[in-house]
Amino acid sequence: MEWFLPLIWAGVIGTAVAMYVILDGFDLGVGILFPFAANDREREQMMASVKPFWDGNETWLVMGGGGLFVAFPLAYSILMPAFYIPIIVMLLALVFRGVAFEFRGLAGSKMKWNAAFAGGSTLAALCQGVVLGGFVEGVKVENGAFAGGPFDWATPFAAICALGVATGYALLGATWLTMKTEGAIAERGRRHAQVLLLGVLGFMAIVSLWTPLNFPRIAERWFSTPNIYYLWPVPLATALVAYACWRGLQAGRDVLPFVSAVGLFLLCYLGLVISSFPYLVPPSLTVWDTAAAPVSQMFMLVGTLILLPIILGYTVLVYWLFRGKVREGESYH
Amino acid sequence: MELDPVLLARWQFAFTVSFHIIFPTLTIGLSAYIATLEVLWVATGRELYKIIAHFWTRIFAVSFAMGVVSGIVLSYQFGTNWSRFSAVTGNTLGPLIGYEVLTAFFLEATFLGVLLFGADRVPRWLHVFSAVAVAVGTATSAFWILSANSWMQTPTGHEMRDGIAYPVSWFAIIFNPSFPYRLAHMVNAAYLTTAFVVIAVGARYLLAGRHAEEARTMLRMGIGLAAILAPLQLVIGDLHGLNTLKYQPTKVAAMEAHWDGTKPGDFHIFAWPDAAAETNHFEISIPRGSSLILTHDPNGLFPGLQDVPPQERPPLLNVFFGFRIMLAIGFFMIAAALYGAWLAWRGRLFDTPWFLRVLAQSWWTGFVAVIAGWVVTESGRQPWIVQGILRTADAASPVPGASVAATLALFVIVYGIVFAMGIYYINRLIAWGPPRRGEEYRKPQLAPIAAAEGASGALREGG
C-alpha cells in the first residue's frame, strides 16, 4: 500500500493537471486570440463561447495545486518557492483575465478589459510554460527544501517552453472557436489554427531534440532498450493525430480539429510523464520521497474516488447544456 | 536595509487574505439569498422574487469572480510563501483543503455557469437547483476552510514526529475545539453582512423613489433576517470568546488588554495598550466588566498578559482595537435591526427617512467587522502560525526578501485596481437597478455607447 498509494495519487494529480491544461487551455487560448477579433461584437461572441465554463475550468488548477499539497506536501513545499516569481505572476495574470469576464460587460469603454483579458491570458500561458520548462530542467534541493536562487527558472529552454505552451493554448482556442462559433470568427479560427498547428509541431520538435541531448536521464529513458520498443508508438501517434488535425482544418470540419488538438496535448503530456517519471521534483525526489503520510493519502483518496466521478458528471452536464454554436449577439445574459 | 522575508510574507498574506475574505463574505450570503428568492419564486409564482433574484445575481457574479481569482492566489501562497508550514501541516491540513476543492469549489464554479447564463436554456427547476447548489457550495467551502483555520488555532487529533504533524483521528482534526464556534460565527457574519448590503440597497432605492416594491421587499427580508441574526451573533461571539479563553487565554488577555492575572479584569471601552511599559494609557473602563463577561463573576480571575513572557504575547494594538471595532459594529447592527423591526411592526419602516438614510450608508459595516474579527483571531494567535506546534518565524519559504517585497508591491497594485473597478461596477449595477416587470434586463445608460461602438466597429470592418 505504501508503494501503491503515491502512484495512485500521482495518477489523480496527473489527471487534474491534464484536465486543467486542456480545459483552461482552450479558454486561455481564446484570450490569446482576442486581439485578432475584428470588432467588439466578435469579441462578445468569443467570450460568450467560454463564459459558462471558465470558472469550472480554472478549478482544476486549484485541484492540481491543492492535490500536490494534500498528497505530496514536500514536493509542493519545494516546487512553489522554486517557481515563486512565475507562479505569482501567473496568478496575478489570472486575476486580470478572470475579472475581465464580468467587468467587460459592465464597462463603458471595453478597451481596457479587452486588453486585460488578452494580456492576462497570454501572460498566464507564458508563465505556465516557464514553470513547465523549469520543472523538466530540475530544481536544486538541499535538506528537503528548495536551495536555488529566485531566477533559476530563467533559461533559454524555459523560454522555448513558454512560447510552446502559449502557441499550444492558442491552437486549442482557435479550434474551440472553429467548433463553437460560426461565420467570420469560426473561419478565422480555422486559418489561425493551421498556422498554430505548424508552430506547435515546431516547438514539439525542438523540445523532443533538446531534452534528450541535454539531459542524459531523459535520453536513457527513451532510447535505451527495451524502452524504445514500447515507446516508439508515441511519436507515431503524435504524427497521426497532427495529420488528423490538419486534414480536419483543411476539410472544414467543426469538431475534429479541436478533438485532435486535445489529443496532441495529451500525447505531449504523456511524453513529459515518460521523460520525468517517477520524479516529482526532478532530478532528485520521486513520488515516494515526497508523499504525504499513507493515512492522509488514504483519507483523501476515499473521498476523491467518490467525488471525482460526480464532479466529472456534472461538468459533462454543463458542457452538454451549453452545447452547440454561440450565435452572434447571444451572450447568455 | 535587510528585507525581512518573514515579515514581508506576513504582510503579503494579510493583504491578500483580507482582500479575499470580503468577497466570500458577500457571496456566501448572497448565494443563500438568491437561492431563497428563486425558491420563493417557484413556490409563489410572484415575478417580483425573480426580478430581485436576477438583480442580485448580477452583483453576485461580479463579487464571485473577484472571490475566485483572489482565492486561487491563496491556495498557492501556502506553498510559495509558507512552504515550511506546508511541509509540517500538509498531512493534516492538506486533506481538509482537498475536500474543500472536491465538495465545494467544483460544485459552485460549475453550477455558477448555469445560474448566470442558463436561464433561457434550462428548465426552471434546474435553474433553481443551480442556485441552491451554488449556495450549498459556498457554505461547504466555509465549513472546510474554517475547520482548517480552527485546527491552526486549536490543533487536536494529531501527533508530532520529527517536527511533522501526522493525523491520528480525522474526526478530532476536523471537529477541533474551536471549529463549531468559528464556523457559526463566520457563517452568521456572512449572512448578517449580506443582510445589511441588501438593506442598504433597498433603503437607497426607497429614498430615491425608485423600484419601490422591490426595495420594500429587500428591506423587509433584510431587517427580518438581521433582527434574528444580529442578537444571535452576540450570543455566538460570547460562546466563541469563552472557548478562546479556554484554549488560547493569551489571545483573550490581549483582546481585553488585561495585564495582571491575579486581579479581576476591567472592560476597557478605550485604552492605549503599551507593550513596552506593560500597562494601558488613557483607560476608560467598566470596572470588572471583563471578569463579568468571561467568568460570569465580577471577582472572577482569568490569565493576564504578564502570565507569559513578552516574546509569547501577540501584537497588542491589532488584537485590542480589532476586537473593539468588531464589537462596536455588532452593537450598531443589533440596534439598527431591532429598531428597524420595531418600525416595521408599527408600519413605519418605509417612511422614516432619517433611519433609511442611516441604513443606506451602512452597507460596509459587516465587511469591516469581519476583517476586524479576523485580525483579532489571527494576530491573537501570534507568535504561532499553528498554536503550540509551529512558530510563524519558522514557517516561511526559503525565498529572498526582495522577491516577496516585489510580489507584495504587485499584489497591492493589481488588487487596488481590481478592487476599485469592482466596487465601481457593483455601484453601476445598483444604479441601473432591477429590471422592470415583464422587461428583459437592460442597461439603460449604456445603450447609446454600445450602439456607437457597434457603429465604429462596422466602420472599421468596412475600412
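1. Let's start with salt bridges between the two chains: there are zero between chain A and chain B. (A salt bridge here is a side-chain nitrogen of Lys or Arg within 4 Å of a carboxyl oxygen of Asp or Glu.) Over all chains, the count by this rule comes to 18.

2. A quick word on what you're looking at. This is a predicted model, where local features need pLDDT of at least 70 and side-chain atom pairs count only at pLDDT 80 or more, while totals for chains, interfaces and linings use all residues. Residues are numbered from 1 along each chain as its sequence is written, chains are lettered from A and ligands numbered from 1 in the order in which they are written, and side-chain values use heavy atoms, with hydrogens and water left out.

3. Back to the two chains. What does the interface have, then? There are 15 residue pairs in polar contact between chain A and chain B, both residues at pLDDT 80 or more. (Polar contact means a pair of N or O atoms within 3.5 Å; within protein, one must be able to donate a hydrogen and the other to accept it, and residues adjacent in sequence count only if both atoms are side-chain atoms.) On the chain A side that touches chain B, α5(A) gives the largest share, 15 residues. By class, that side has 43 nonpolar, 16 polar and 11 charged residues. (Ala, Val, Leu, Ile, Met, Phe, Trp, Tyr, Cys and Pro count as nonpolar, Asp, Glu, Lys and Arg as charged, and the others, Gly among them, as polar.)

4. Now the area: chain A and chain B bury about 6,700 Å² between them, with 74% of it on carbon and sulfur atoms. (That is the accessible area, with a 1.4 Å probe, that two parts lose on being put together, summed over both.) In residues, 70 of chain A are in contact with 77 of chain B, contact meaning heavy atoms within 4.5 Å.

5. Inside chain A, have a look at Glu58(A), which forms a salt bridge with Arg97(A), the closest N and O atoms being 3.5 Å apart. Glu58(A) sits in helix α3 of chain A and Arg97(A) in helix α5 of chain A, so the pair ties together parts that are 39 residues apart in sequence. (Helices are DSSP runs of H or I with at least four residues, strands are runs of E with at least two, and both are numbered from the N terminus.)

6. Most residues other than glycine have a negative phi, and most peptide bonds are trans. The bond from Phe277(A) to Pro278(A) is cis, with omega near 0°, and Pro278(A) is in the loop between α12 (256–276) and β3 (279–281) of chain A. In chain B, the bond from Gln382(B) to Pro383(B) is cis, with omega near 5°. Asp162(B) has a positive phi of about 50° although it is not a glycine.
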